[in-house]
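Please look through the structure below before reading on.

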Amino acid sequence: MATVAAALCLLAVPTAASAAGPEGNPVGDHGYTARIQRTEYGIPHIRAADFGGLGYGYGYAFAQDNLCAMADQVLTLRGERSRYLGPAATSNDVLAHGTTNLASDTYHQGLRQAGTVQRLLDRPAPLGPTEQVRRLVDGYVAGYNRYLRDTGVAKLPDPTCRGKDWVGPITALDVWTGVYEFGQVEGVTPFRQDIATAIPPAPTNGAHSVGAPRAEALPALPALPKVLADDTGSNGWAMGRDATRAHDAMLLANPHLPWIANARLYQVQLTIPGVLDVSGASFYGSPVVELGHNRSLAWTHTADHSQHASVYRLSLVPGDPTSYLVDGKAVPMTRQTVPVTVRGADGKLSTVTSTLYASRYGPVLGTHWTATTAYAVRDANADNLRLVNEWLAMGSSQNLAQLQSAQHTYQGMPWMYTFAVDTSGTTYFTDSSRVPHLTDAQGGRCILQADPERADIVDGSTAACDWGSDPDAVEPGVFGPGSAPTLTRTDYLANSNNSPLYTNPAAPLTGYPGVYDSRSQLELRPQLGLQMIAGRLDGGDGLGTPGFTLPTLQAAMFGDRNYSGEFGRDAVVALCRADPALTARDGTTVDVRAACAALAGWDLRDDADSHGAVLWAAFFSHLLEDFPSTWWQVPYDPAHPVTTPRGINGDDVNVRTALADAVQGLTAGKVPLDAAPGSLQRWAGIPLPGCGEEQGCFNVVAASPTSGHAGGVELSGGNLAQGTSFVMAAELTPDGPRTRTMLSYGEPANPASPHYSDQTALFSHRQWVTERFTEAEITADPQLRTTTLRG
């Protein structure tokens, strides 16, 4: 039997040739064998003797549940949406929300035409995929295609794509392109529309000055997409032996992501006896587990606060808007002509040709391209396919040292923090993601505009502002592991998309480069999370004896507390009782007596049936968005980062106006003032708990009354939900892992499947699935279904 150390060494064996099949030619079946066991809720457990067979079983099982979602994703990755669905519609790529089909196709066709992904595949490991990862992907493709071949497009169970002419076999290049683009979610992805539609201004004959770049106002560039803002993100907790009753290790994974299309997660267990046995969740189209556990190790991720791209401002050559100056020398932009086939309203096909422009830094943006200035985006993940290597190696690791070694070897983590625990009861945190090597000294002279919500704007007129490198980095341009914020403890580490600084407030993390973090103040959700941990450690949370157990970890996750309500509701009730007639911003007098009664009766939670929570959400949203923060009762104090700011000053006129506006808006929308969250946010008709993170909610959910009605693929009005997706509470005991899970939207995106929303019903009632990890646990399931594949 191979040892774990030997398996990790095997993962690093380089290979010179790519196993990806040529464009349009799916990789065929090559003697693969796999076993698929499905337990309650349709959760698949894949077992094989080798990586090719493991991928084969996984690809087949995933296609059974989600072939339409994958086919739709491939349509995007091949740049063929306009051919089949027309150019004007919005792409289904939820990670690049708002991109039209034509812009999406232009971008993706350009990527394929340039051979970018194939070039990265041709590199030997560790820069390119390991031999095991290549076999895994090839098997995955073969398994997917096997299911499609056996079933037939006309007989697919999912009505979303049944009989559609755009459904067909996939290739390894399709999978690898999806992997590549997943890595750029916090880089190029938000700019795809801008890149594909960039048009230079007409040349001018006049000269202009290129000096003093700080003298002019800089533009507001596109914000990050919805997937990484507002009601999305993650919670991650790692509990060590000093924080648990049994003195073992526990982990809570709670990613917040959209519930449709390529942002969905899929729960799976992948096993090669003696080599790999990992259970957790994968992103759609990925053949590895991105967050999960094995017998002695558990890990999760949260979206980090680092910069992963830089927007370079180009000073253009006078009279030539497609050339720019670097250290006074003219550099021409490259041009790429990209034809896209589009279907007209009459069904006829034609070709639309666009030109993509690029600089030495990366693609040029259309936004604010003038006769004097242009902008280009450089993505730290532009050469990164190593993320699959890294996640497979992490899943094979048996302790924190091996996990850290896997991360240092591949350095492929794209834009996430990592939290991990092992059976020693130790916790580990790092931001090992790809971060541009811009030193603090460079930042002082090169960053023209710092923007923590997007990407910093950097001076592109001098090579002194190029990204540098670290000697321990596998590639130039990024910081190496030695520069990353890292912390190991035996009590706890936690993050809710906040700064590394307060991963554990008892040991603030400092000393890392500023590009890793520019937002030290904690928002309400991470404040609540840290207070929940403190309450469990001292027993003040009402859940019994201090210290975490698996049941108290579960209870904390779904406590559905509303932190802003806890510190502010009473002051608002007092003001509306004292003055039941308030003035809205439009000057209307609003009777708030019924609203006052609704808030007074609210249980300060966001359960599906917490009446009054909807009114509080509307009020607090108005307060945050419409008025300055002078209404805090206790302002922010950096000496007390976990408990400030807090409280609402009921005497502030803005508080009174915000309540009047909220009542006015709900009344106009015919929403009862005592409405509960479940009456307005649903998935497939099932009421959902949770609320927005801006209110200080740990269990983040946002949905409409009709979310989920069109399945888990279609990005259309009223179908989108987002927030808590996969939840995992794992305890690593001497007898093996004890794990509880919940996938909020169920395994399949197919609305006709009996498993489409079966776990949504669990989520609605705060119920969990007891994971079956061992062979004995799996075979003991009375609902067990087994499929053996050979091909």
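Which residue of β16 stands opposite T300? The residue is F419. This is a predicted model, in which local features need pLDDT of at least 70 and side-chain atom pairs count only at pLDDT 80 or more, while totals for chains, interfaces and linings use all residues. Residues are numbered from 1 along each chain as its sequence is written, and side-chain values use heavy atoms, without hydrogens and water.

T300 and F419 face each other where β8 (residues 297-303) and β16 (residues 416-422) pair in the antiparallel sense over seven bridges. Strands (E, at least two residues) and helices (H or I, at least four) are DSSP runs, numbered from the N terminus; two strands pair if DSSP finds at least two bridges between them. Ten strands form an open sheet of mixed pairing, in the order β20-β17-β16-β8-β7-β6-β5-β2-β1-β33. At its edges, β20 (486-489) and β33 (785-790) each pair on one side only.

Helix α9 packs on this sheet, touching β6 (276-283), β8 and β16, where contact means heavy atoms within 4.5 Å. Because 11 of the 11 residues of α9 (residues 386-396) are buried, the helix is largely enclosed by the rest of the structure. Buried means under 20% relative accessible area, with a 1.4 Å probe and protein chains only. Among these buried residues are R386, E390 and W391.

Elsewhere, α4 (101-114) gives the most to the lining of the second largest pocket, with four residues.

Note on methods
Buried < 20%, exposed > 50% of the residue type's maximum accessible area, 1.4 Å probe, protein only. Axes fitted to C-alpha atoms, helices over the stretch in contact; angles between N-to-C directions.
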